[in-house]
Amino acid sequence: MNVQPTDPRSHVAQPGPAAPCSPRAAPRVEAPTELEVPRALSITVASALAGYLARTQELGAVEGPEGSLSLHPALQPVLEALHHVLAGGDVEVRIVHPGHPDIVEELNRRAAQATQEANLLSEASGTYLIGTV
């Protein structure tokens with residue numbers, strides 16, 4: 001996927017010559033049907049990814065009491081946009097009001113570190129880690 005800025009705070013994601021996001025050899029996890037009982041799975045992720053996810057949760061990415069957690073409503077359109085990109089669509093993301101620059105920088109740094117760690121661990125172990133940012 002090529003991301004070409006149209007404004008310093010706006011990006012239009014446009015697919016390149018290949019499909020925007022190609023499925024990897026990662027196992028497919030199907031959503032449970034009405035007949036299936038939910039079960040916990042253990043997945044291997046880089047420690048920096050676990051830290052990134054914990055920090056996003058601290059900042060309010062998910063909300064609600066235990067057992068009733070949900071994605072923060074402001075993130076729902078972002079998730080929807082992600083799904084369209086993964087399905088071959090084009091999206092436009094525009095930042096209406098910038099967030100606190102120190103927190104934005106921290107999250108960007110954490111995301112980059114998580115991806116770097118996952119790549120290093122995958123290369124060293126010869127296995128594919130499911131999570132990168």
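Start by selecting Glu106: is it buried or exposed? Glu106 counts as buried, with a relative accessibility of 14% (buried means under 20% relative accessible area, exposed over 50%, partly exposed in between, using a 1.4 Å probe and protein chains only).

A word on ground rules: this is a predicted model, where local features need pLDDT of at least 70, side-chain atom pairs count only at pLDDT 80 or more, and totals for chains, interfaces and linings use all residues. Residues are numbered from 1 along each chain as its sequence is written, and side-chain values use heavy atoms, with hydrogens and water left out.

Arg55 pairs with Glu106 at 2.8 Å, N to O. Arg55 sits in helix α1 and Glu106 in helix α3, so this pair ties together parts that are 51 residues apart in sequence. Arg55 also meets Glu58, at 3.2 Å, N to O; both are in α1, 3 residues apart, about one turn of the helix. Arg55 is buried at 18% relative accessibility, whereas Glu58 is exposed at 60%. Glu106 has another partner in Arg110, with the closest N and O atoms 2.9 Å apart, and Arg110 is partly exposed at 27%.

**Stop two: the core**

Now select Ala48, Leu49, Tyr52, Ala111 and Ala114, the largest nonpolar core (buried Ala, Val, Leu, Ile, Met, Phe, Trp, Tyr and Cys residues joined through side-chain atoms within 4.5 Å). Helices α1 (47-58) and α3 each supply at least two of its residues, with α1 giving the largest share, 3 residues.

**Stop three: out to the surface**

Val45 is in the loop between β2 (10-14) and α1.

**Last stop: zoom out**

Colour by secondary structure and you'll find 3 helices and 5 strands (DSSP runs, H or I of at least four residues for helices and E of at least two for strands, numbered from the N terminus). Along the sequence they read β-β-α-β-β-α-β-α.

Methods:
Salt bridge = Lys/Arg side-chain N within 4 Å of Asp/Glu carboxyl O.
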